[in-house]
Amino acid sequence: MKSIIVNSNEAGQRLDKLLGKYLNLAGKGFLYKMMRKKNITLNGKKCDGSEKLMQGDEIRLFLSDETFDKFSEVKVQRVSRQKLDIIYEDAHILLINKPSGMLSQKAKETDESLVEYVIDYLLNSGQLTNEELRSFHPSVCNRLDRNTSGLVAAGKSLAGLQMLSAVFKDRSLHKYYICGVRGQITKRQLINGYLKKDERTNQVSILHDAADGALPIRTEYEPLAYKDGYTLLKVTLITGRTHQIRAHLASIGHPILGDYKYGDPGLNEEVKQRYHIRSQMLHSWQMVFPELAEPFAYLSGKRFLAPAPREFSKIFGTEYEKEAGR
């Protein structure tokens, strides 16, 4: 017999859904049969799977160890050990400064992404067990392109995941980026356009007028520093579309330095030779949390900053960092 005490990450879901996570190799028919025969009970009583679980509920599975092992599998992907640059951590969330070159989430099964590094970190620090992974997987709640560095938020608990997902969805959490671009920009500007994505090539194009399949975009930017024909911009996404910053700035003649997808090959070679810049100079710099209710009121109005890669200081120095204190 195996006993499962429902924890805070498991509460609120249907019993049959949770059973499907613990016995993930069993068919639904097997689970319902076991409940009908009272080989699976909830709080000592017969159940049908539709019950909504509460923290502290007890699920008993009157199954042999062989049967449980046959129908249960926990996959933990081992990853190359990499120290995470953690900007902030509490019981519910992690804010991580993702390096350029790392995937936020898997593109294919064999990939190692930030999600796998987060799980590895939590397992090795004793904050998560293999058993808990049966029913709950920590995950990131915002994605950055592989070659974009900066702040990524991850949920360590179900409550944390739900809160982060909500503030990213309603755009009440404010995100600010910095990027190095070609040309001199002297004033703040808000630009509009339409973005159309080619799913086959995973590339977008920017249009001036509305068109079938094109989504409206708004991008705001302001200059922070200028040197040698390059401007450092602080960028606010009013809308958040795929590759929006990179494609939108390139479309108005200010491609991002080191961007090999939307940028200028000659420009990229120029900064490579002059400053040894080999990575895309786009960085998710700051996050500012909105007013939040309990249990997350402690995060209300908090501002978090991820230091930019050293490539930024090679061109622009560090004077621009004073802006972060505003």
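At what angle do the axes of α1 and α2 cross, and within what distance do they come? The axes of α1 and α2 cross at roughly 120° and come within 10 Å. Axes here are lines fitted to C-alpha atoms, for helices over the stretch in contact, with angles running from 0 to 180 degrees between N-to-C directions.

This is a predicted model, in which local features need pLDDT of at least 70 and side-chain atom pairs count only at pLDDT 80 or more, while totals for chains, interfaces and linings use all residues. Residues are numbered from 1 along each chain as its sequence is written, and side-chain values use heavy atoms, with hydrogens and water left out.

**Helix α1**

Helices (H or I, at least four residues) and strands (E, at least two) are DSSP runs, numbered from the N terminus. Helix α1 covers residues 15-22, and its buried residues are L15, D16, L18, L19 and Y22. Buried means under 20% relative accessible area, exposed over 50%, and partly exposed in between (1.4 Å probe, protein chains only).

Where α1 meets α2, L15, D16, L19 and G20 touch L31, Y32 and M35. Contact means heavy atoms within 4.5 Å. The residues of this contact are five nonpolar, one polar and one charged. Ala, Val, Leu, Ile, Met, Phe, Trp, Tyr, Cys and Pro count as nonpolar, Asp, Glu, Lys and Arg as charged, and the others, Gly among them, as polar.

**Two cores**

A nonpolar core is a set of buried Ala, Val, Leu, Ile, Met, Phe, Trp, Tyr and Cys residues joined through side-chain atoms within 4.5 Å.

| Core | Residues in it | Some members |
|---|---|---|
| Largest nonpolar core | 31 residues | including L114, V118 and C179 |
| Another core, apart from it | 20 residues | including L18, L23, M35 and L53 |

Beyond four places in sequence, C179 touches residues including T231, L233, L249 and F312.

**T41**

T41 is in strand β2. T41 counts as buried because its relative accessibility is 5%. Its contacts beyond four places in sequence are C47, E58, I59, R60 and F62.
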